[in-house]
Amino acid sequence: MNDRVVMPIWMFGVFIVIMNTTMFNVSIPSIIQELNITADLGSWIISSYSIGYALSTVIYSRLSDSIPLRKLLLVGLTILGLSSVIGVFAHDFSMLLAVRILQSAGAGTMAGLGLVMASRYIPYNRRGRAIAMISTGSAMAFGFGPIIGGVIGEYIGYNGLFAVTCLILFVLPVLMKLLPKEEPKPSQFDVTGAVLTIINAASLLIAVMQRSVYWFIGSVISIVVHAWYLKTVKKETFINPKLFSTKNYSKLTLIGFCVLVLNLGNLFLMPLALANLSHESTLTIGLTIAPGAILSALLGRFVGRWIDRYGNVRFLLMGHAILAIVLAVFSFAIEVSPMVILCGYLLFSPSFSATLSSLNNETSNILPKQLIGSGMGLMQLIQFFGGSMSVAVCGLILTTQKSVPLGLAYEHVYRVLLVVCLLSLAVSVWYKLSASRAEKLVQATA
């Protein structure tokens, strides 16, 4: 497989898929008004896609252990593309919600299978730059999505957003031609485990998003049942318990959770701060965030090469350090000027991309080949759950500070994110020390 050709095309596919979330964020107010629905119902247009995307990511990754990547890609992108075509003609809430759920069922192919493909077919000495391109596609989508969504929503309407996602149908035949052919591998798919995983993740995400005690209790019960199932069943399960016996995998998943908390929390807070503190328009907000995304895209190619040359852990630590500095500045100066956000995100976005790329590359390196599909899929699910939970918690913290001056309220939330960043940095240092000890032990026994 020629990764120098495949990865830029894959990056564009990731860009389309992730932007399908960020475009709709800025159009929710107009959708609520046009369809005459409540804000709670309107929020499901975003949250239903988020939940489905997270779950489909881990399912496609897990299926890749036995089903060829090309077949999974064909199914996933066809579902995403055709549902987007239907969305162009969706003019009531029920149809719109159904289309978003269908989209999410296919969208998980790009993120989940991208990491599996890179881990399976790209040599380790070039894998860093390949994974960096996937992260670059995500960063570009987070930056450009609000701008594109705002322009299309204002001049065409929300149905025009679906037309953008239809572009994935042009990516599909190109990737089908370029990806290597694989033979199916004998494997028994654990349907019960997959259903339990879906119930676990969906109920917990809904509990956080809706702030529901009942959903939380139901989620805890489902997790207990799943844990009992993993202990008692003898066959290979959907969530492979062997993953957690893989040295340092749990540390890396915790870091992945924290990193996505930082990114999605910051992307949620920046537009609100610009709108409520500086009274900027939707287009101006997008233009303030875009330079960081553009810089991240420009640096992505070089960051991948640097990761391959100097190692994952070094960039994991450097990225965390820069993220912590930016969050510390936002914690005390977010209301000073929009330029603080613009300059801060110029540092934040490339640092996040480098951190996530090095994290995913390191994870693919420590996993045994037979566990790459399930391991990378679970990592993606945990990361996306962290991002979804971050948005809900940041919103909750803001809501509970009605008596606090608005600027100070935003600074308080950024201080919470700073604490999460420092925790993630501490775990990264712990991982480095643990990996160094293991390496010295191997050298000593050799």
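Is Arg309 buried or exposed? Arg309 is exposed, because its relative accessibility is 62%. The cut-offs: buried is under 20% relative accessible area, exposed is over 50%, and partly exposed is in between, with a 1.4 Å probe and protein chains only.

Some ground rules. This is a predicted model, so local features need pLDDT of at least 70 and side-chain atom pairs pLDDT 80 or more, while totals for chains, interfaces and linings use all residues. Numbering runs from 1 along each chain as its sequence is written, and side-chain values use heavy atoms, without hydrogens and water.

Back to Arg309. It sits in helix α11. Together with Arg4, Arg301 and Arg305, Arg309 forms a positive surface patch. Helix α11, residues 282–310, gives the most to that patch: three residues. A patch takes residues with over 30% relative accessible area and no salt bridge; like charges are joined within 9 Å, nonpolar side chains (Val, Leu, Ile, Met, Phe, Trp, Tyr) within 5 Å. Helices are DSSP runs of H or I, at least four residues, numbered from the N terminus.

Next, the nonpolar patch. Its members include Val213, Phe216 and Trp228, and the whole patch has about 780 Å² of accessible area. Trp228 lies in helix α9, residues 213–232. Trp228 is exposed, at 57%.

Last, salt bridges: a Lys or Arg side-chain nitrogen within 4 Å of an Asp or Glu carboxyl oxygen. The count is one. Arg415 pairs with Glu411, closest N and O atoms 3.6 Å apart. Both lie in helix α15, four residues apart, about one turn. Arg415 is partly exposed at 27%; Glu411 is buried at 6%.

How values were computed: Areas by Shrake-Rupley, 256 points an atom, 1.4 Å probe, with all protein chains shown as cover. Lys, Arg positive; Asp, Glu negative; His and termini not counted. Charge placed at Lys NZ, Arg CZ, Asp CG, Glu CD. Helix = DSSP H or I, 4+ residues; strand = E, 2+ residues; numbered from the N terminus.
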